[in-house]
Amino acid sequence: MAGSPARPGVRRFATLDELSAATELDDVTFLEVSGRRLFDQQEPRSEAENRTTLAVWLREGDDGTTLEVRCRLALGSAQADFVVDAAAAFSLGAPFELPAELQQLFVDRIGVTVLYPYLREALQGSATKLGVDTPLLSLRGPGQGVR
């Protein structure tokens with residue numbers, strides 16, 4: 001995407017507004033949804049041992065007309081460990097090039113913002129099935145990380 005030589009017939013975007021206007025959400029796919037209740041611990045996990053990580057990737061689709069944003073949420077609570085991994089596919093309708101700065105803005109403000117409610121819902125569903133307290137994720141606005 002970034003740093004590639006100019007290709008004829010390739011759409012270039014200058015702003016996130018241009019990019020978002022040309023982008024359509026095609027699909028949200030779950031790659032993993034898992035929860036494991038902690039039965040083997042003698043004592044509950046301390047607050048210091050609880051952890052939340054959110055890893056995010058961006059890749060261009062094989063046809064050169066799509067973008068895929070993937071988010072993997074790993075969370076350890078006092079009662080269970082959870083993983084939710086999901087990807088959102090976006091169509092741009094034609095080949096495109098994105099500068100690195102625009103790629104990052106797309107991931108932060110569009111990709112993660114689209115996926116975050118899916119991550120929250122899957123986490124809640126797993127906790128309910130395990131019979132443990134639902135870990136709450138904070139509200140997330142565009143361009144914000146997990147708090």
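What you see is a predicted model, in which local features need pLDDT of at least 70 and side-chain atom pairs count only at pLDDT 80 or more, while totals for chains, interfaces and linings use all residues. Residues are numbered from 1 along each chain as its sequence is written, and side-chain values use heavy atoms, with hydrogens and water left out.

Let me begin with the fold. The protein chain has two helices and six strands, taken as DSSP runs (H or I, at least four residues, for helices; E, at least two, for strands) and numbered from the N terminus, and their order along the sequence is β-α-β-β-β-β-β-α. Of contacts, meaning heavy atoms within 4.5 Å, between residues at least 6 apart in sequence, 71% join residues at least 24 apart. Of the 147 residues, 37% count as buried, that is, under 20% relative accessible area with a 1.4 Å probe and protein chains only, where exposed is over 50% and partly exposed lies in between.

Now to helix α2, residues 100–130, which contains Q103. Q103 is buried because its relative accessible area is 16%, and its side chain reaches the backbone oxygen of L98 at 3.0 Å.

Finally, the surface. F30, found in strand β2, residues 24–37, is partly exposed, since its relative accessible area is 36%. Together with V33 and Y118, F30 makes a nonpolar surface patch of about 250 Å²; such patches take residues with over 30% relative accessible area and no salt bridge, joining like charges within 9 Å and nonpolar side chains (Val, Leu, Ile, Met, Phe, Trp, Tyr) within 5 Å, a salt bridge being a side-chain nitrogen of Lys or Arg within 4 Å of a carboxyl oxygen of Asp or Glu.

Technical notes: Polar contact = N/O pair within 3.5 Å; in protein donor to acceptor, adjacent residues only side chain to side chain. Areas by Shrake-Rupley, 256 points an atom, 1.4 Å probe, with all protein chains shown as cover.
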